[in-house]
Amino acid sequence: MLNSSFGLSAEPTFSQDKSVNMSSLDRHQQRSPGCRDKTTGAGDSSAVRERARQPLQGLKLASHAVLEKAQQRGRVKCSKCGGSRMFFCYTCCSLVGVGVEEIPLIQLPVKIDIIKHPNETDGKSTAVHAKILAPNDVTIYTYPCIPEFDREKVVLVFPGPQAVSVQDMLQCLRDRSTNRSHDSCGPRPKRLRTEEVQGSTQSEPEWVSGSRVAPLQKVVFIDSTWNQTNKISTDERLQGLVQVELKTRKTCFWRSQKGKPDTYLATIEAIYYFLKDFHQQCLGLEYGGEYDNLLFFYSFLHAVINTAKTAAGRS
Ligand SMILES: [Zn+2]
């Protein structure tokens, strides 16, 4: 599936040093099992090292053949804006040189809003991957044009002292809707379910009989570099939201921001890991690769970059 045969030269869009776009997550965690190499076969030491750098193996992905072909053809003009693009246009959020029927379409279990910083160069962003692969469930906004979010139904994926885990997130929202004066919602020890605390004197809250993920309606991600992310996250429209932190992941991103730890996830990684946790911990389902194709472009580009790095003797 992924291999080192792409032979990419210095392709500007994918160059590893300048095209950084990280969500600011996961500063404290260990390398996750998903980021571990599955080394197979023999090879010279650099090839082995190279494989060790490919953390995205084992995903259930649609065939990358269409991307390999598109890559061989090279860049094409976007029919909407005229920009020279490969695979997709990051300005128009549409495919370029690739048919919509040739790429996977993913249904997400929850709606996702991504807030982009206006100064961010679109070509650096992995947010567009999410919009293209899950168009019905993903909306991208450019800061400061963002909607009003309902504090009882929307969470923000962003690290901080008040942030809770994906597992605790729903209970946090439920606490808010059953007790509207309850403003803060920080980390806390495991507690009784709301209905047990309240006893049977009250009628059943709506979420008990509703879906397993009620009242959650939407999950917000911030797509920008670390410096700009702080400004967005302190916007008063986001301040009141329950913050969720992904505690167990480490980035597989092929670019690292100078001076930043390699634990900042790319936006598409953050979305992917969030959904994986959500699937298991909130929906209570076994994870069977349902959202792996969110990394369809990402994993391909990851392999391309690793190959380019190897060719340039960087590793
Ligand atoms: Zn375009």
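This report describes the confidence, the helix packing and the backbone geometry of a predicted model.

**Overall picture**

The chain has 315 residues, and buried residues make up 36% of them. Its secondary structure consists of ten helices and nine strands. Among contacts with a separation of 6 or more, 75% are between residues 24 or more positions apart.

Average pLDDT for the chain is 75, and 65% of the residues score at least 70. Residues 1-45 have a pLDDT below 50, and beyond near neighbours in sequence this stretch has 105 contacts in the model. In residues 188-210 the pLDDT also stays under 50. For residues 188-210 the model has twelve contacts beyond four places in sequence.

**Helix α2**

Helix α2 spans residues 65-73, and L67, A70 and Q71 are buried in it. These residues lie on the same side of α2 because they cover an arc of only 100° around the axis. An α-helix has 3.6 residues a turn, so residues three or four places apart point the same way. The other side of α2 carries the exposed residues A65, K69, Q72 and R73.

The cover over the buried residues of α2 includes strand β3 (87-89) and helix α10 (296-311). Just after α2, G74 has a positive phi of about 90°.

**Helices α4 and α9**

Two packed helices are described by the angle between their axes and the distance between the axes. Helix α4 covers residues 166-178, and its axis comes within 8 Å of that of α9, with a crossing at roughly 70°. An angle from 65 to 115 degrees counts as roughly perpendicular, so α4 is roughly perpendicular to α9. The crossing of α4 and α9 is right-handed.

On the α4 side, the residues that meet α9 are V166, Q167 and L170. Their counterparts in α9 are F274, D277, F278, Q281 and C282.

L275 also lies in helix α9, which runs over residues 267-282. L275 counts as buried because it has 24 C-beta neighbours inside 10 Å, the cut-off being 20 or more. Leaving aside neighbours within four places in sequence, L275 is in contact with L108 and Y291. The C-alpha atoms of L275 and V166 are separated by 9.2 Å, although these residues are 109 residues apart along the chain.

L246 is in the loop between β9 (242-244) and α9. L246 counts as buried because it has 26 C-beta neighbours inside 10 Å. L246 and P159 are 87 residues apart in sequence, with a C-alpha to C-alpha distance of 7.6 Å.

**Backbone geometry**

Most residues other than glycine have a negative phi, and most peptide bonds are trans. The table lists departures from both patterns.

| Site | Feature | Angle |
|---|---|---|
| Y143 to P144 | cis peptide bond | omega near 10° |
| A214 to P215 | cis peptide bond | omega about 5° |
| F87 | positive phi, not glycine | phi near 75° |
| C93 | positive phi, not glycine | phi about 60° |

P215 is found in the loop between α6 (206-209) and β8 (218-223).

F87 lies in strand β3, one of the elements that cover the buried residues of α2. F87 counts as buried because it has 24 C-beta neighbours inside 10 Å. C93 lies in the loop between β3 and β4 (94-96). With 17 other C-beta atoms within 10 Å, C93 is partly exposed.

Technical notes. Residues are numbered from 1 along each chain as its sequence is written. This is a predicted model: local features need pLDDT of at least 70, side-chain atom pairs count only at pLDDT 80 or more; totals for chains, interfaces and linings use all residues. Helices (H or I, at least four residues) and strands (E, at least two) are DSSP runs, numbered from the N terminus. A residue is buried if 20 or more other C-beta atoms lie within 10 Å of its own, exposed if 12 or fewer, and partly exposed in between; C-beta atoms are placed from the backbone. Two residues are in contact if their C-beta atoms, placed from the backbone, lie within 7 Å. pLDDT is the predictor's confidence in each residue, from 0 to 100. The arc is that of the directions from the helix axis to the C-beta atoms. Axes are lines fitted to C-alpha atoms, for helices over the stretch in contact, and angles run from 0 to 180 degrees between N-to-C directions. Angles under 35 degrees count as roughly parallel, over 145 as roughly antiparallel, 65 to 115 as roughly perpendicular and the rest as oblique. A crossing is left-handed if the near helix is turned anticlockwise from the far one by less than a right angle, and right-handed if clockwise.
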